[in-house]
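Dear colleague,

I am handing over the structure we spoke about, and below it you will find my notes on what turned up when I went through it. Please read them with the coordinates open beside you.

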Amino acid sequence: MSAKPDHVPGDRVLDVNIFDLPGAAENAHLAWKALSGTHPLLWTPHHGGHWIATSGELIEKIYGSPALFSNREVGIPAKKFLVEMLPIQRDGDQHKAFRALIEPALRPAAVQRYGVQARQLAIRIIEDLLPRGKCEFVADFSLVMPLSIFLSIVDLPVDDREELHALARASSRSPTAEQRHAAFQQIIVYLERWIAKRRAEPGDDLLSTIIHSHVDGRPLTHTEVLGMSVLLLFAGLDTVASMMAFVMRYLADHPEHRRWIIENPQQVSFAVEELMRRHGVANNVRTVVQDVELDGVLLRAGDLIVAPNCLHGLDEQQFAHADEVDFSRRPTATGTFGWGPHRCAGANLARMEMRILLEEWLKRIPDFEVDPAKAVVQQTGTVNGVLQLPLRWAA
């Protein structure tokens, strides 16, 4: 652990490890919410020392001030990743230039094309599970449907799905820096092989597009290609799968919400937004660009801040009865995908996949519950996740 810097007031120090928050295995979101208390801005000595914003107001202010809070670090501790992940680790015009290379593949029209495949796959998986009367949702669905769609977008072997997700999860949530680095290095080795193949034999997939793109009138360097490829892999292999599992955990305990979705099929998009508001998964990192006061505290240039998206969604000042899922809420600004120039580029894809899950699962398995004989296991980190979700129903 790091010593407290002189500019950190003693009453802001909290001895917590975001990769192992107390109670996270039982309920990751309540573990984050437990940090909210006297002060909205806290400092922890773990992982090199960093701030944690615990109020929706602060999180909005941080996201809305990119000139003061840079995206150049995306992990805890600093320099966590072995390559610069593009475009998110660039700011301003450089960020826009690199982001423009992937945005066409994630626009609504493109996402609709993926939706046909996603729906067919979801139906096949659910109908295979139905007669069993049970499943381990993470392994049987949330690591299958969204990951398979992502792998088709970049044209990587679907058989590599489980291995790649395990590496992405280890890179985001392993308890030690050594474990996270080891997993990240394996991801790089994997991608290096495929980048070499696509350079020689390009296709019409997103990975080929990146490899053969230009930015500012020049081809991308190998390091830039690798950085963009790593980011795509992380975004495609973990966040949506985690969100699906959190949502299904909630619906398993709330039959009234399941009935509402079934009885209001034209409003399923509202249900998706509200469920994602309640179950944010990304806990983003920002770097202080220059000395600045925030929440009455002086932050020094170079300080790191973790802004947990879920704490915006769980803030009572932002949403009345924030712990509760209320489908009568109408869409408003939530922290699910962040704000500003670095807002999640894959938001359209995530919404589409979540909608398909709700529609096709509840059509076939309207009544289900958590298997009381087995444990639900959750975890925090830079991405909140569900490691195990045993469900059962009447076959």
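Strand 11 and strand 14 (residues 390-392) run antiparallel and are joined by two bridges, and within this pairing V370 stands opposite L391 of strand 14. Please keep in mind throughout that this is a predicted model. The two strands belong to an open sheet of three strands, whose order is 4-14-11 and whose pairing is antiparallel. Because strand 4 (134-136) and strand 11 (369-370) each have a single partner strand, they stand at the edges of the sheet, and one side of each is left without a neighbour there.

A last point concerns H7, which is placed in the segment before helix 1 (28-33). Leaving aside residues up to four places away in sequence, H7 touches W51, V297, L298, L299, R300 and D303. With D303, the side chain of H7 also makes a polar contact, side chain to side chain, at 2.7 Å.

Best regards

Technical notes: Residues numbered from 1 in each chain as written. Predicted model: local features only at pLDDT ≥ 70, side-chain atom pairs only at ≥ 80, totals over all residues. Heavy atoms only, no water. Helix = DSSP H or I, 4+ residues; strand = E, 2+ residues; numbered from the N terminus. Polar contact = N/O pair within 3.5 Å; in protein donor to acceptor, adjacent residues only side chain to side chain. Contact = heavy atoms within 4.5 Å. Pairing = 2+ DSSP bridges.
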